[in-house]
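Please look through the structure below.

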Amino acid sequence: MINLKTKETYSIVIFLTATVTLLTAYFIQYILGYQPCNLCLIERVPYALSLVVLIFNFKFKKNQVFNAVLLMLIFLFSIIISIYHFGIEQGFINESNICKADNINLLITRESILESFQKMNVSCKDVTIKIFGLSLTTYNIIVSLIMFLISVKIFKINNETNK
């Protein structure tokens, strides 16, 4: 039976969710062929960071309160960037330069300029794939919120055990 009152269980849930989320994003990009926009790429960063934090937490078991706070901040950033992206998709917010940049590469040579014209740049406001009528950004808001709440629960458990 799974004990839902331990921080290890919650950490495993975050670890598995982050792993599945990243694998799904790469599957959609490389197997299904949907090109992500720059904000979609940025939205992957919190999941990768959370995996690093959790691996260190599992390995060293030190500073667990700090790691819980770090997870909360990581997923708070994820919620903010996802809501910002959702606002762009819905037309509430204008696209920023992050969306228009060509993966933040510098065009120095003639060949790199020609190559950049051949690449298909995806706008942050264009929803290229929907699942059950919702964009992946919408799902990311939901998952990030759940991960944030789980991180808060880990923080509370750590504080209770430190008393």
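Which helix gives the most to the lining of the largest cavity? The model is a predicted one, and in it α1 gives the most to that lining, with three residues. The largest cavity has a volume of about 60 Å³. Its lining consists of Lys7, Glu8, Ser11, Asn57, Phe58, Lys61 and Gln64. Both α1 and α3 supply at least two residues of this lining. Sorted by class, the lining has one nonpolar, three polar and three charged residues.

The count comes to two cavities of 30 Å³ or more. The second largest cavity has a volume of about 30 Å³. Around the second largest cavity are Lys7, Asn57, Gln64, Asn67, Ala68, Leu71, Ile154 and Asn158. Here α4 gives the most to the lining, with four residues, and α4 and α7 each supply at least two. The lining of the second largest cavity divides into three nonpolar, four polar and one charged. Lys7, Asn57 and Gln64 line the largest cavity, and Lys7, Asn57 and Gln64 also line the second largest cavity.

Next come the open spaces. The largest pocket has a volume of about 600 Å³. Of the 29 residues that line the largest pocket, Ala25, Ile28, Leu136, Thr137 and Asn140 are the closest to its centre. The elements giving two or more residues to the lining of this pocket are α1 (7–31), α4 and α7 (136–162). By class, the pocket lining has 16 nonpolar, nine polar and four charged residues.

The last topic is a helix pair. Two packed helices are described by the angle between their axes and the distance between the axes. Helix α3 covers residues 45–60 and helix α4 covers residues 64–90. They pack at an angle of about 170°, and their axes are 10 Å apart. Angles over 145 degrees count as roughly antiparallel, and α3 and α4 are therefore roughly antiparallel to each other. From α3, the contact is made by Pro46, Tyr47, Leu49, Ser50, Val53, Leu54 and Asn57. From α4, Gln64, Asn67, Leu70, Leu71, Ile74, Phe75, Phe77 and Ser78 take part. The residues of this contact divide into ten nonpolar, five polar and no charged. Among the contact residues are Asn57 and Gln64, and Asn57 and Gln64 are also among the residues that line the largest cavity.

Conventions: Residues numbered from 1 in each chain as written. Predicted model: local features only at pLDDT ≥ 70, side-chain atom pairs only at ≥ 80, totals over all residues. Heavy atoms only, no water. Axes fitted to C-alpha atoms, helices over the stretch in contact; angles between N-to-C directions. Parallel < 35°, antiparallel > 145°, perpendicular 65-115°, else oblique. Contact = heavy atoms within 4.5 Å. Nonpolar A, V, L, I, M, F, W, Y, C, P; charged D, E, K, R; others polar. 1 Å grid on protein atoms, 1.4 Å probe; cavity = no way out; pocket = protein on both sides within 12 Å on 5 of 7 lines; lining within 4 Å. Points joined across faces, edges and corners; volume = space filled by probe spheres on them.
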